[in-house]
Amino acid sequence: MAKKKETFQRKQTPIRTTRSQRRTLIKKDGELPDGYKKGVVISSIGRVYLVGPTESDSDNEANIIECSPGGTIVTPHQDTTIIAVGDEVAYIESGSDGESDIPSGVIVKVYERKNSLSRRAAGKRPYEHVIASNADQLLITSSMITPDFNRRLIDRFLVAAEIGGIPAALCVNKCDLVDDDIFYEQFEVYDSLGIDVFFISAKENLNIETIQDYLEGKRTIFAGQSGVGKSTLLNRILGGEVQAVKEISERTGKGCHTTSYVKMFRMPGGTSIIDTPGIREFGLWGVEKSELALYFHEFDEYRLNCKYPSCSHIHEPGCLVQQAFVDGLIDEGRYESYIYLFESMED
């Protein structure tokens, strides 16, 4: 009988410094120890995870356990992030070691994810970095100006969301800073693709209720470009200074990272928000170059009748997607975004 595939990942705990570095054995199945409890990962700080109750609770600071990965973890996830915010896990409480007021524990199992938002991890070896999992939707946060909205990053998020099985919408902040319709017209293409677009000003509390209605009763991942005001928006929604807010760097015009780790905020009524660090680069994971066009749905009615089955829709003669672009039937910015993404992907 062939031996089951087992993988190892090194873990390190930056908060509880008395724990030594160990190796974690990853197994696809196995018995769980007696006395285990189930919870959901609500924050990830390096290799330390805060685990809360599986059901939403108005007092969600109660019953929080600070966990590290166990020596052996049962999980179906191979060659990917073992534990991510949003994961449902089984853990064993181990009391407190005196370094923290929060009880400690060890994660022994990570259950199957229903979906995930992932990107290609940095480094030479291809690796899936799961940003967050088990979400009902993704809210891509952008801004009109300071910084200008990054269409290529938005389109990367839309592709990643569809690959991961998460419906996505777009939130455009800082609308109080512009009064020209040309700014708004740039987002009409997303509305035509059936993607909800919310125009707000977190600073001026403009249209925040539209975001609150969108979030109601669901688990939503907040993700987007650095410096667009995501933390200010989160403070508005949650009613307090829950996230540090920093000004845009005057020297570079790029956003300063105000969120250094992934964290879930849970509210009464089943509403929760997974806040993620601002992102400047986002490598796609889980899609081949030849499949990229499948995620640009304005191509759909043209690409199926292209002259070549393996058409890249960039340079081949007889390409109906290229012709549709020339005829003004495909948005110029979206087509340019497709070409940029295609050419940035490895063969």
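Aspartate 180 sits in the loop between strand 11 (168–173) and helix 2; helices (H or I, at least four residues) and strands (E, at least two) are DSSP runs numbered from the N terminus. Its relative accessibility is 39%, so aspartate 180 counts as partly exposed (buried is under 20% relative accessible area, exposed over 50%, partly exposed in between; 1.4 Å probe, protein chains only).

This is a predicted model: local features need pLDDT of at least 70, side-chain atom pairs count only at pLDDT 80 or more, and totals for chains, interfaces and linings use all residues. Residues are numbered from 1 along each chain as its sequence is written, and side-chain values use heavy atoms, without hydrogens and water.

**Salt bridges**

The count is 10 salt bridges, each a side-chain nitrogen of Lys or Arg within 4 Å of a carboxyl oxygen of Asp or Glu. Three of them are tabulated.

| Pair | N to O distance |
|---|---|
| aspartate 87, arginine 113 | 2.8 Å |
| lysine 230, aspartate 275 | 2.8 Å |
| glutamate 298, arginine 334 | 2.7 Å |

Glutamate 298 lies in the loop between strand 15 and helix 6 (300–303), and arginine 334 in helix 8 (residues 332–344), so their pair ties together parts 36 residues apart in sequence. Glutamate 298 is buried at 12%. Arginine 334 is buried at 4%. Asp155, Glu298 and Arg334 are linked in a salt-bridge network.

Aspartate 87 is buried at 0% relative accessibility. Lysine 230 is buried at 7%, and aspartate 275 at 1%.

**Cysteines**

There are zero disulfides (a disulfide is a pair of cysteine sulfur atoms within 2.5 Å). The sulfur of cysteine 306 is 3.8 Å from its closest cysteine sulfur, in cysteine 319, too far for a bond. Cysteine 306 is buried at 12% relative accessibility.
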